[in-house]
Amino acid sequence: MLTTGATRGNGVIGEVVTANLRTIPDVPLALQGSGWPALLEVRGEVYFPKQAFEKLNAKRAKAGEPLFANPRNAAAGALRQLDSRITRERGLRFWAFSAETPRGTIAVKSQQDLLETLASWGFPVEPHRRRVSGLGEAQTEIAKLEKLLDELPFGADGVVVKVDPMRLHEELGTIGDREPRWAIARKFAPEVAVTKLLAIRINVGRTGALNPYAVLEPVEIGGVTVSQATLHNADLIQAKDIREGDVVEVTRAGEVIPQVLGPVRDQPRGKKKFEMPERCPACGTKAVRPADEVMTYCPNVSCPGRVLESIVHFASRGAMDVRGLGYERVQKLLDAKLIATVADLYRLTPDQLLDGCYSASASATSATARRSCSPAGSARCRSCARRPSLRSAPCAASAPRSPRRCTSSSPTRATRNWWTTSRRTASRWPSRRAPPRRARSRAARSS
Ligand SMILES: [Zn+2]
């Protein structure tokens with residue numbers, strides 16, 4: 001029987017989506033056939049068929065609702081709906097591609113066997129799989145599959161080539177727990193789109209590097225709307241002679257980061273050649289370019305652009321992995337002068353964050369910002385008026401852009417993601433800043 005459905009998340013923590021997964025007709029609620037282990041984890045891909053996606057967007061257009069940009073994000077959104085009836089209506093589908101048991105993999109000799117076994121247990125398996133004898137034959141098959149793209153009922157950006165015999169998988173091993181040497185994604189040639197380059201702007205990186213990027217007339221590439229693209233560095237812009245106002249070719253490198261390939265020559269050109277600004281656009285300090293480097297730098301270590309980028313980098317997944325601390329929230333905290341360096345993140349109190357007051361006191365100093373907020377422990381949920389507990393998530397209303405919930409069992413459930421993070425974070429706060437839940441509820445009763 002299907003007991004738990006979960007998203008992959010960051011590879012360690014995902015979200016439980018059992019109820020929604022049950023609404024996908026492709027996912028068997030009970031296994032067919034025989035020979036399955038007592039406990040089995042089946043991995044696969046939930047996708048939005050092209051036709052269902054177009055139908056959904058047509059319906060949304062009719063109702064005057066904003067359209068979904070691409071099937072991939074729409075599928076992810078549909079799977080994480082709180083109301084599984086909405087998920088059912090979307091018409092999601094599923095392909096299975098792998099299975100694990102708590103004691104290693106299931107008893108099959110090859111990848112081909114595994115897929116056939118999954119199919120015999122009632123899982124849909126993508127039919128365009130082929131077993132080939134070498135890399136040459138694999139390349140030929142990939143070229144054939146690439147031609148099929150337009151006919152497929154779903155979007156695809158490449159194929160995965162896997163070593164067939166299972167006994168070789170362990171021998172080949174995995175790089176850094178993430179990239180198995182026996183499975184390699186072979187991406188199809190990226191789609192190229194033509195659009196107008198509206199402006200060339202500069203972003204200040206955390207090292208002070210001045211990174212030029214293009215502001216584009218929004219264009220769809222591979223189902224994603226692109227309005228900005230990297231331009232790498234000034235030398236490259238000058239070598240390709242990319243100018244503001246040019247009609248340019250844009251692609252998504254590795255299907256992810258949009259980049260400008262160059263101007264379309266037979267189209268009208270922009271008038272002014274690009275030149276790197278002499279001063280940092282964020283702080284006005286004179287920019288420097290070391291003799292042997294292609295990048296130009298802002299040498300000011302307190303440059304607001306550098307500070308923002310360094311704090312966001314510190315909180316990013318590859319570093320401290322602080323969830324929910326992205327550009328927007330770091331900028332708000334900086335504007336409210338609640339933080340100036342990464343060290344200040346550890347001095348923030350839960351109430352400063354729960355109140356959401358940092359967004360309202362943008363020009364206040366740290367002390368006045370704290371004074372203008374409600375006193376410690378008084379923050380209440382704006383939807384249910386209960387006091388949030390440090391042990392669970394803050395209310396949706398007080399945490400801007402966060403889909404997290406009120407602490408009480410009231411409006412909705414807290415997601416597993418946030419629950420784990422908030423528990424971990426709460427335990428790190430010193431006790432005088434984070435009174436335990438019981439002390440807090442007593443205070444609440446006496447008031
Ligand atoms: Zn600067």
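Q: Why does Asp 241 count as partly exposed?
A: In this predicted model, Asp 241 has 14 C-beta neighbours inside 10 Å. A residue is buried at 20 or more such neighbours and exposed at 12 or fewer. The value of 14 lies in between, so Asp 241 counts as partly exposed.

Q: What makes the backbone of Asp 241 worth noting, and where is this residue found?
A: Asp 241 has a positive phi of about 50 degrees although it is not a glycine. Most residues other than glycine have a negative phi. Asp 241 is found in the loop between helix H8 (234-240) and strand E10.

Q: Why does Lys 337 count as partly exposed?
A: Lys 337 has 18 C-beta neighbours inside 10 Å. The cut-off for a buried residue is 20 or more, and for an exposed one 12 or fewer, so Lys 337 falls in between. Lys 337 sits in the loop between H10 and helix H11 (350-354), and its phi is near 55 degrees, a positive value in a residue other than glycine.

Q: How do you know whether Thr 296 is buried or exposed?
A: Thr 296 has 21 C-beta neighbours inside 10 Å. Because 20 or more are required for a buried residue, Thr 296 counts as buried. Thr 296 belongs to the loop between E11 and H9.

Q: With which residues is Thr 296 in contact, leaving aside its neighbours within four places in sequence?
A: The contacts of Thr 296 are with Leu 210, Ala 234, Met 276, Ala 287 and Arg 289. Val 204 is 92 residues away from Thr 296 along the chain, and their C-alpha atoms are separated by 9.9 Å.

Q: Why are the buried residues of helix H5 said to lie on the same side?
A: The buried residues in H5 (residues 111-120) are Gln 111, Leu 114, Leu 115 and Leu 118. They cover an arc of only 95 degrees around the axis, which means that they are on the same side of H5. Their cover includes strand E1 (41-47), strand E2 (93-100) and strand E3 (158-162). Just after H5, Gly 122 takes a positive phi of about 105 degrees.

Q: What makes E7 and E8 a pair of strands?
A: At least two bridges are needed for strands to pair. Seven bridges join E7 to strand E8 (residues 210-221), and the two run antiparallel. Ile 200 has Ala 214 in E8 as its bridge partner. E7 and E8 form a hairpin with five residues between them, and Gly 208 in the turn has a positive phi of about 95 degrees.

Q: How do you know that E8 also pairs with E9?
A: Six bridges join E8 to strand E9 (residues 224-230) in the antiparallel sense, against a requirement of at least two. Ala 214 has Ala 229 in E9 as its bridge partner. In this hairpin, two residues stand between the strands, and Gly 222 takes a positive phi near 55 degrees.

Q: What links E10 to E7 and to E11?
A: Five bridges pair strand E7 (residues 192-204) with strand E10 (residues 247-253), in the antiparallel sense; Lys 196 has Val 247 in E10 as its bridge partner. Six bridges join E10 to strand E11 (residues 257-263), again antiparallel, and Glu 249 is bridged to Gly 262 in E11. Each count meets the requirement of at least two bridges, so E10 pairs with E7 and with E11.

Q: What makes up the largest nonpolar core?
A: This core has 17 residues, and those with the most contacts inside it are Val 204, Leu 210, Cys 280, Cys 298 and Cys 303. Two or more residues come from each of E7, helix H9 (304-315) and helix H10 (327-335). H9 gives the largest share, three residues. At least three residues come from each of domain 2 (190-299) and domain 3 (306-422).

Q: Which residues is Cys 303 in contact with, leaving aside neighbours within four places in sequence?
A: The contacts of Cys 303 are Val 204, Gly 208, Cys 280, Ala 282, Cys 283, Thr 285 and Cys 298.

Technical notes
Residues numbered from 1 in each chain as written. Predicted model: local features only at pLDDT ≥ 70, side-chain atom pairs only at ≥ 80, totals over all residues. Helix = DSSP H or I, 4+ residues; strand = E, 2+ residues; numbered from the N terminus. Core = buried A, V, L, I, M, F, W, Y, C linked by C-beta atoms within 7 Å. Domains from an automatic or database assignment. Contact = placed C-beta atoms within 7 Å. Arc of directions from axis to C-beta.
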